[in-house]
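Dear colleague,

I am handing over the structure we spoke about, and my notes on what was found in it follow directly below. Please read them with the model open beside you.

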Amino acid sequence: MSAVVDATDVERLTAELRLLLPGWLTGRRWFAGKGHHAPPVEPVLADLVHSGDPALLHLVVRAGQAGHEEWYQLLVGVRRAGTGTVPDGSLIGRGADGDGSALLLYEATEDPELMSRLLARLAAEGTGGPVEYHRLPDADVPLGLPARVLTAEQSNTSVAFGDRLMLKVLRRLVPGPHPELEMLTALWRAGDVPSARPLAWAQTSDAFPAGRTTLAVLQQFVPSLGDGWALATAGAARVFRSDQAGSGSGAGCRASQGGGGRQGGALPTDDNAARRGAGPREPGMIRTRGPEGVAGEGASVAPFGGFTEEARALGRATAEVHSALARQLDSRALTPAEADELAAGLTRRLDEAVDELPELLPFAGPLRDIHRSLRSGADRGRPLLVQRVHGDLHLGQVLRAPHGWVLIDFEGEPGHPLHERRRLQPAVRDVAAMLRSFDYAAHHALSEVLGTPPAEHAPLGPRGARLARRASAWAVHNRRAFSAGYAEAGGTDPRCDPVLLRAFEADKAVYEAVYEARNRPEWLPIPLEAVRRLAHGRTAAA
Ligand SMILES: Nc1ncnc2c1ncn2[C@@H]1O[C@H](COP(=O)(O)OP(=O)(O)O)[C@@H](O)[C@H]1O
Ligand SMILES: O=P(O)(O)O[C@H]1O[C@H](CO)[C@@H](O[C@H]2O[C@H](CO)[C@@H](O)[C@H](O)[C@H]2O)[C@H](O)[C@H]1O
């Protein structure tokens, strides 16, 4: 294919993109500056990866007003108008070549041919240009597999190659060691941990104005039956549709087992889980007695739709990842002063969130009290262990592979600065986040069954009210199963430290409220209701 772009065209195309990108960027989900006017965009790196027709241009831009700039990575396809079409919805705009002929400029992650070119570039390794390509020792990177973009509208853009490779193209760039690469590498070195093996990565050279910055991470593709969110919500919706559910039993805190507890092959069946004899079981038919009266005293109810043992296995997988992270990266007890600082950090996050989202204001006082009791807990001399954590764990971040659950996306909360995301934290932070996710899954499934978005649930008729109780019972039961599995595999049972758990659940719910207000306002009632519940002292029983 004759070259459509050569090195001399790059500067001209970059200038054209500088004008096109402000409007286009504001429509991307991964662009953080939403709600603002189209930002000024300044290209700071342009590298021609492939010069054929189509050509592939690698671009890093600085976007935003002075003092509030962010860095974004773009992969731009360039094709002569008339020689072919660009994938639906991928057009950024039109440019011209040196002769004035029209060129189409488009989002290249949507183009399998260009993604294969990028993969070949990565597999070949190489330094010396503005973008460097590195491979981990012994990493097998097969070429020639069909590329398909998986998530054009997440925090980043993920491209799969067959069912072997997954390339995560980072969008909002953060200078410094990228947590995804750092954590996947540590977990891979630990061996036998339920996470994907990292294979290669791209980064800017030291000449990049912000310093060396990770651009993309290639990892093993994990074939799966689906992610936790899809499986949990489908299971819950099935139960609610059949109008059956119940509340759980066995809410007690379980002392840490200390080490061990590998996930070991297939997920536990009801039978072998029953033999282990800990935590809640998925009952055939039970009498309800939820601590929050979730399903009504004395009602006869049927099973929970089969997710409970999955939740338990997920708890085990999470504990295994935590234990490997603690071994491979730092882990220690906080000093009382550091524990105070941790609590103060939670309060700061809360205050920032309240500034952005006034709906949180009525809950700020009680939530600050929880932070204070965390501090007095530290004063009593109870050591608070900290380590590297996932940082943004939820049901969408776990894949159900045939052999068990695999945790993905170790980037941390994308909205927060890198130094915060890399900070040592209590492992309960991830546990609390996953427990929140069961609450989300229950509400989402409820919405589906009721046929209304979460915002429009109230007032509920008798059927709606009954289903809402079922949804809360489903969440409680799965939260308990997760916590029990976590403790079985050596993690500290979150139910043993309810104040800590409540503080971190509230922190997550507050983060979620801000996230939803920015991205999916119709979902806002889910975290807001949780903030209200946690502020007023009602933990959904773990
Ligand atoms: N290693 C992997 N194997 C298979 N699918 C994956 C892998 N990593 C991510 N995915 C899929 O891509 C989606 C987005 O990945 P994720 O890491 O969560 O991206 P983001 O940072 O954009 O949220 C996931 O929900 C999952 O379906
Ligand atoms: O997956 P990301 O790293 O992009 O995480 C962000 O988006 C998530 C939503 O896609 C958001 O998660 C929240 O919604 C989930 C359901 O869609 C739910 O399972 C989670 O519990 C809830 O936090 C996440 O918070 C955000 O950082």
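I begin with a loop: Glu125 is found between helix H2 (112–123) and strand S6 (131–135), and although Glu125 is a residue other than glycine, its phi is positive, near 55 degrees. Please bear in mind throughout that this is a predicted model.

Next, the domains. The protein chain is divided into domain 1 (7–220) and domain 2 (228–535), and where these meet, 17 residues of domain 1 are in contact with 23 residues of domain 2. On the side of domain 1 that touches domain 2, helix H3 (residues 179–190) gives the most, with eight residues, and that side as a whole divides into 10 nonpolar, three polar and four charged residues.

Ligand 2 is surrounded by 15 residues, and the closest are Ser155, His394, Ser437, Tyr440 and Glu512. The elements that give two or more residues to the shell around ligand 2 are H10 and helix H12 (498–519), and the largest share, three residues, comes from H10. The shell around ligand 2 has five nonpolar, five polar and five charged residues.

Helix H4 (residues 228–241) packs with helix H10 (residues 428–450) at an angle of about 50 degrees, with their axes 8 Å apart, which makes H4 oblique to H10. The crossing of H4 and H10 is right-handed, and the contact is made on the H4 side by Trp229, Ala232, Thr233, Ala236, Ala237, Phe240 and Arg241, and on the H10 side by Ala441, Ala442, His444, Ala445, Leu446, Glu448 and Val449. Sorted by class, the contact of H4 with H10 comprises 10 nonpolar, two polar and two charged residues.

H4 also packs with helix H11 (residues 462–488), here at an angle of about 140 degrees and with the axes 10 Å apart; that angle makes H4 oblique to H11. H4 passes H11 in a right-handed crossing, where Ala236, Val239 and Phe240 of H4 meet Leu467, Arg470, Ala471 and Trp474 of H11. In this contact of H4 with H11 there are six nonpolar residues, no polar ones and one charged residue. If you follow H4 in the viewer, you will find Ala236 and Phe240 listed in the contact with H10 and again in the contact with H11.

With best wishes

Note on methods:
Residues are numbered from 1 along each chain as its sequence is written. Chains are lettered from A and ligands numbered from 1 in the order in which they are written. This is a predicted model: local features need pLDDT of at least 70, side-chain atom pairs count only at pLDDT 80 or more; totals for chains, interfaces and linings use all residues. Axes are lines fitted to C-alpha atoms, for helices over the stretch in contact, and angles run from 0 to 180 degrees between N-to-C directions. Helices (H or I, at least four residues) and strands (E, at least two) are DSSP runs, numbered from the N terminus. Angles under 35 degrees count as roughly parallel, over 145 as roughly antiparallel, 65 to 115 as roughly perpendicular and the rest as oblique. A crossing is left-handed if the near helix is turned anticlockwise from the far one by less than a right angle, and right-handed if clockwise. Two residues are in contact if their C-beta atoms, placed from the backbone, lie within 7 Å. Ala, Val, Leu, Ile, Met, Phe, Trp, Tyr, Cys and Pro count as nonpolar, Asp, Glu, Lys and Arg as charged, and the others, Gly among them, as polar. Domain bounds come from an automatic or database domain assignment. A residue is near a molecule or strand if its C-beta atom, placed from the backbone, lies within 6 Å of it.
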